[in-house]
Amino acid sequence: MADDCIFCKIVNKTLPAEILYEDDDVVAFSDIHPQAPTHFLVIPKKHIPTLDDIGKEDRSVVGQMLVVAADLSRKKGIAERGYRQIINCREFGGQLVFHLHLHILGGRQLGKMG
Ligand code: AMP
Ligand code: ZN
């Protein structure tokens, strides 16, 4: 838990979010500024600042993020036509919130990257 982290506040329920799924390790919620018809985030409950901070001890939680993302994508009906998952890392990756989060975007043709 980091005191000034908005995603820790969502984990702790001190900041509201549209929670889609929660278990002991991860939380999924809708992105507040969606970039596609479906746009949600999956985060670890543990405060891991960036993708560059994950270690061997995080293997299961990072795996669970992918499993939950895939499951919710099927439930939201975006899996059949396809979707994109993104993790931005630090400045050049365009990261704005420094609590690891996996973006899932779908519901429209996302086009080529870049
Ligand atoms: P990134 O640039 O990868 O750090 O993306 C941060 C994402 O968090 C953006 O897509 C924001 O719209 C989203 N975001 C920021 N604050 C909130 C919030 N309170 N609830 C839901 N999503 C948020
Ligand atoms: Zn945090």
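Colleague: What should I know before I start?

Modeller: Residues are numbered from 1 along each chain as its sequence is written, while chains are lettered from A and ligands numbered from 1 in the order in which they are written. The model is predicted, with local features needing pLDDT of at least 70, side-chain atom pairs counting only at pLDDT 80 or more, and totals for chains, interfaces and linings using all residues; side-chain values use heavy atoms, with hydrogens and water left out.

Colleague: How many residues surround ligand 1, and which are the closest?

Modeller: A residue is near a molecule if one of its heavy atoms lies within 4 Å of it. Here 17 residues surround ligand 1, and Asp31, Asn88, Leu96, His101 and His103 are the closest.

Colleague: Which polar side-chain atom lies 2.8 Å from an oxygen atom of ligand 1?

Modeller: A polar contact is a pair of N or O atoms within 3.5 Å. That 2.8 Å atom belongs to Asn88. For Asp31, a side-chain N or O atom is 2.5 Å from an oxygen atom of ligand 1, and for Gly94 a backbone N or O atom lies 2.9 Å from one.

Colleague: Where does ligand 1 sit?

Modeller: On a 1 Å grid over the protein atoms alone, a pocket is an open set of points where a 1.4 Å probe fits, with protein on both sides within 12 Å along at least five of seven lines; lining residues have an atom within 4 Å of a point. A molecule sits in one if more than half of its atoms lie within 2 Å of its grid points. Ligand 1 sits in the largest pocket, whose volume is about 530 Å³. Of its 24 lining residues, Phe7, Asp31, Ile32, Leu41 and His103 are the closest to its centre.

Key
Polar contact = N/O pair within 3.5 Å; in protein donor to acceptor, adjacent residues only side chain to side chain. Points joined across faces, edges and corners; volume = space filled by probe spheres on them.
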